[in-house]
Amino acid sequence: MSTQFKLMGERRFLPFFLTQFLGAFNDNFYKNALVVLITFQAARLTELSPGVLVNVAAGLFILPFLLFSAIAGQLADKYEKSSLIRWTKLLEIALMAIAALGFATMSLPLLLATLFLMGTQSAIFGPVKYAILPQMLEETELVGGNALVESGTFLAILLGTIAGGLLIEAPDGVAWVSAGTLAVAVLGYLSCRAIPPAAAVDPDMKLDWKPVSQTWQMIRFAAGERTVFLSILGISWFWFYGAMFLSQFPGFASTVLGGDEKAVTLLLAVFSLGIALGSLLCERMSGKQVEIGLVPFGSIGLTLFGLDLWWASAGLEAAGFAAAGTEAGTAMRPLSELLAEPAVWRILFDLVMLALCGGFFIVPLYALVQSRSAPSHRSRIIAANNILNSLFMVAAAGLGAVMLAAGASVPQLFLVTALLNAAVAIYIYTLVPEFLLRFIVWLLIHTVYRLRVEGIGQVPEKGPAVIVANHVSFVDALIIMAACRRPIRFVMDHRIFRWPILSFIFRTSRAIPIAPASEDRAMMERAFDEVARALEAGELVGLFPEGKISGDGEMSPFRPGIARIVARTPVPVVPMALRGLWGSFFSRKGGAAMTRPFRRGAFSRIELVADAPIEAAEVSPETLYQRVAALRGDRA
């Protein structure tokens, strides 16, 4: 069974998952019931137009995330998290009781005030939700845990939205919604009582209650860790992208598809299920580690399927598809009629694939923010993420309103969003090439090879070490990089370092070029100096002590460079062996490498085996050779 589904049977995760699921369900249950009530009964409540009220309601729910996320981040770092969650769920019960009073008296100010307070309660819960996961889960479970949370959240949003819309329109709908939201809040509190304790990470922190200054300070703090901050910007961009699409579903269903409210529900269901599926697939596709190589894969899909959605939708508009079902005096097209059209199935396919790629995009980013944030400030960094998410969603609403007011169609909004996604992706990957590097490595081991890894836990999680392995092909370094969670700086021949395409990979991974002393002694000495600096800085250095790629599948004697490295900087050395690469497209079997495209390659089984580290005092070329040869066996 997959690790992520095993978590659903464990107390350290299941009560938290249920609490989060029920909270997201209740937010959307209440919010959509109120929106439908406002839309169809505005005349009983106020003189303002329904359109204005719906936008006011949306703004009131988002505003607390801007105002109170900074304070919420401090609370989550200062106090024990399970207790804080229990207090927020008690607050939710109180708020649902107030909402019941608002429904009973049909008091719009009270209902809108409750919506604002629910946004406040969600803003307080937000930093705890993501900061508690690294305390509950092992690092290898972090991707799977985030995948379950994201998929559960989107399914809860879908179910809550549907339940709110259906119940409020039923006979005695106000009473059903009041009882339902209160019951869900009580269930959420009961589930959170089983969440295990999660210790405070900064109990001595002095709270700062000034929201504006704290908001700015948290954004600046998050910006101090470049990769984390750019990941937060990527997450916020996803919420911009998602908000732009989700907010246009009612107009898209009406003006493009010619459908009724059931068509809107179908679009929302397809999108939510796509996100859930993409999120759940992340663990399997990432090998249970934080694989940021999936992020470019996801962003490519967000652009391509967004463009095809525009293309398919524009074709329907040009054909007058919606108008055929919305002529004067005629009803909107029923769902059965829409589903009989092949063009609609293409649109649904684009939506589910677009959302699936969104899951690939967002889950690794959340896991990366959690794993690379300092534990003492993790909640505050996540609070900064929530603030930026809210700002980006407000920006999406503003851009959508401006474009529609200027005469743009809904498909044109999809086109602009897809093109903006491509521009944002290129910008982020230019600033942090590590994303593209991991994407290339991920593609290699999922399209050319099937990699089995054994003993990779022998690589120290922190601190300096040297990795040594046999050298069978031109992609040996990439295979090892794919298997290891930590970045590795490989020492490699300066000619390979300059190869097209590979040059980008090696420069991005900060590989260290080296030349033989007979060719360029100065370069060789610079390489040894750089290796020493890397090890002193606590980094991993990779080395192929044979000094060349095998020409016959056999191992060559190890050169003395490794002994010189550990004599200057005593660190442990981790021996590894690659198996199954001899005879592949990238090896020299039968002639020059990469000249015979039909060699064994596609989905070939290869192996990487690591052994226990050797202390520096025991390292010698001969000892290492024997250890690697034993690991390699007779398989090159």
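Student: Which ring does the charged end of R346 sit over?
Tutor: The ring of W311, with the charged end of R346 5.6 Å from its centre. The rule: NZ of Lys or CZ of Arg within 6 Å of the ring centre and within 35 degrees of the ring normal. Note that this is a predicted model: local features need pLDDT of at least 70, side-chain atom pairs need 80 or more, and totals for chains, interfaces and linings use all residues. Residues are numbered from 1 along each chain as its sequence is written, and side-chain values use heavy atoms, without hydrogens or water.

Student: And what does the charged end of K31 sit over?
Tutor: The ring of F61, 4.5 Å from its centre.

Student: Is helix 15 enclosed or open?
Tutor: Largely enclosed by the rest of the structure, because 22 of its 31 residues are buried. Buried is under 20% relative accessible area, exposed over 50%, partly exposed in between (1.4 Å probe, protein chains only).

Student: New topic. How many aromatic pairs are there?
Tutor: The count is 18. Rings of Phe, Tyr and Trp (its six-membered ring) pair if their centres lie within 6.5 Å; planes under 30 degrees apart are stacked, over 60 edge-to-face, the rest tilted. Y241 and F245 make a stacked pair, 4.8 Å centre to centre with 15° between planes.

Student: Why about one helical turn between Y241 and F245?
Tutor: Because they are 4 residues apart in helix 10, residues 226–247. An α-helix has 3.6 residues a turn, so residues three or four places apart point the same way. Y241 is buried at 1%, and F245 is buried at 0%.

Student: Which residues do ring pairs link into a cluster?
Tutor: F13, F16, F17 and F21.

Student: Last one. Where does T569 lie?
Tutor: In the loop between helix 23 (561–568) and strand 6 (573–579). T569 is buried, at 9% relative accessible area. Leaving out residues up to four places away in sequence, T569 touches A532, L535 and E536; contact means heavy atoms within 4.5 Å.

Methods: Helix = DSSP H or I, 4+ residues; strand = E, 2+ residues; numbered from the N terminus.
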